Amino acid sequence: MQCRECRTEYPPVQLAVCESCFGPLEVRYEIDAVRAAFQSSFLADRPHTLWRYREFLPVFDDRAIVDLAPGYTPLRRAKNLESAIGTGEIWIKDDTVNPTYSFKDRPVAVAIAKAREWSLPAVGCASTGNLAAATAAAAAKARIPCYVFAPASLEPAKLLLPQLYGGIVVPIDGTYDDANRVALQVADRRGWGFVNLNLRPYYAEGSKTLLFETWEQLGFDLPDVIVAPLGSGLLLTSLEKGYRELSELGEARERPPRLVGTQPAGCAPIVRGFESADGRPKPVRKPDTIVESLAIGDPGSGFEAIRSMRATQGFADAPTDAEILEGVKLLARTEGVFSEPAGGTVVSTLKRAREDGRIDRDERVVLLITGNGLKTPAVWQDAAPPLAPIPPTLAAVDAYLGGRAHG
Amino acid sequence: MVRIVVASPIAAATRGEREFEVDFHGTLRGLFDLVTTKYGRQFQHRILEADGALRRFVNVYVNGEDARFLAGLDTPIARDATVDLLPAISGG
């Protein structure tokens, strides 16, 4: 492992931050050894999960892997969305179909394997919802106790899911950042492995498989632009790391994809930091947005995410909640993919950026749709009036449809 | 007494001590000056930037409130305050 800040190196032990400067650590690989074991031609015979990139994942003992088969999700051309937005090539990386319906199954797969390698007594996470379900499900399969720290105000479906998987939800009266703080303290006192906290360097490795799969599914090529939602910023920095590793292997083109990050305007600490001269996130004390999964006021990887967006000539954007809901509907109605609001954030940023020219018409764009809309039904409860039943007769149907042509 | 609780990843700055008390009241800056006399300049270098601002890798909480949302290093510290030092790790 190596500190992203001061470059101090460490053996691959359970360490979350640099002991010298307290900066974030990242896993590094012996690239010559990876090159000897991994060739793109090998992929055809590998499992249809993120473990097809085994050489790039920091798990030593295969027996530690709890395989719920996350990853290798579809990448689909979105021609209807292209027409609706008036742009060139759009592809959707559909991570709504992971085992617990969000991309969080990827990083959790790696973190739980490390927890098993190190025989940790319990695992946990601080979560805005998606991570809670992913951690609890993997812990259930691994038969490890799981503790989820989450704001008590999360919508009910997101608090229910981890409990159904057997996890213990610790409902915190406060924001995500309050839950995160107390979880850090608990991790310290009890020796549990919190996947996104004290297992974070390993956890981050799972997310970069989104970049690898995109590369593979585009015929071993990378897009011009990737639009990703920003919570803590770790997904975006993981994409950047994935690109770096492909480059070191000699498998990626010279110019990296432009990394575009998006947050709701009601909680946009990374976007505001991107726009500022010092490039440091601007923490938000009380997030105010319907996009709960991105409501992280003090993003732990925000600084690095800003650096990654700037280094790749990307940008950061913050649509409003109203635009985000329209984005969810647009994606559902054009491409048949129902995403949680984070996906609407991605779609509305693409729309805004096409309108003002931040994304060119001839750029090939991949949208990361990271969570399933069925997890956030409460967002839509006021969107449609209750349906009044009609009698089961043709006449009643004709009257109900009111003479409109219906296909 | 002011109670200072240091998360283990940060405790390298306090020679491994994770919880201690000091007789103090004043500002957070003054408290860090006092702690520096106890653990040496390396404490200051690890917690503060060269220009004296809080480093971005360490979050400081005064009675559970993030010091950045209070008055930063000018945040008043009462005699019975609890100050937590945590690594800036958050979010999925």
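This report describes a predicted model of a complex containing chains A and B.

Residues are numbered from 1 along each chain as its sequence is written, while chains are lettered from A and ligands numbered from 1 in the order in which they are written. Because the model is predicted, local features need pLDDT of at least 70 and side-chain atom pairs count only at pLDDT 80 or more, whereas totals for chains, interfaces and linings use all residues.

**Confidence.** The predictor assigns the complex an ipTM of 0.93 and a pTM of 0.95. The table lists mean values of pLDDT, the predictor's confidence in each residue from 0 to 100. Helices (H or I, at least four residues) and strands (E, at least two) are DSSP runs, numbered from the N terminus.

| Part of chain B | Mean pLDDT |
|---|---|
| Chain B | 94 |
| Helix α2 (residues 41-47) of chain B, lowest among the elements | 92 |
| Strand β6 (residues 76-77) of chain B, highest among the elements | 98 |

**Interface.** In chain B, 19 residues are in contact with 29 residues of chain A; contact requires C-beta atoms, placed from the backbone, within 7 Å. Two or more residues on this side of chain B come from each of β4 (58-62) and β7 (82-87) of chain B. Its residues comprise 12 nonpolar, 4 polar and 3 charged, where Ala, Val, Leu, Ile, Met, Phe, Trp, Tyr, Cys and Pro count as nonpolar, Asp, Glu, Lys and Arg as charged, and the others, Gly among them, as polar.

**Core.** A nonpolar core is a set of buried Ala, Val, Leu, Ile, Met, Phe, Trp, Tyr and Cys residues joined through C-beta atoms within 7 Å. A residue is buried with 20 or more other C-beta atoms within 10 Å of its own, exposed with 12 or fewer, and partly exposed in between. The largest such core has 139 residues, of which V227(A) and L367(A) touch the most other members. Helix α4 (residues 130-142) of chain A supplies the largest share of this core, 8 residues. Beyond four places in sequence, the contacts of V227(A) include V260(A), V346(A) and L367(A).

**Sheet.** In chain A, 4 strands form an open, parallel sheet in the order β7-β6-β5-β8; strands pair if DSSP finds at least two bridges between them. Strands β7 (168-172) and β8 (193-194) of chain A are at the edges, each with a single partner strand, so one side of each lacks a neighbour in the sheet. The parallel strands β6(A) and β7(A) are joined by 5 bridges. Within β6 (residues 146-151) of chain A lies Y147(A), which counts as buried because it has 24 C-beta neighbours inside 10 Å. Beyond four places in sequence, Y147(A) contacts residues including A122(A), I168(A) and W192(A).

Note on methods:
Two residues are in contact if their C-beta atoms, placed from the backbone, lie within 7 Å.
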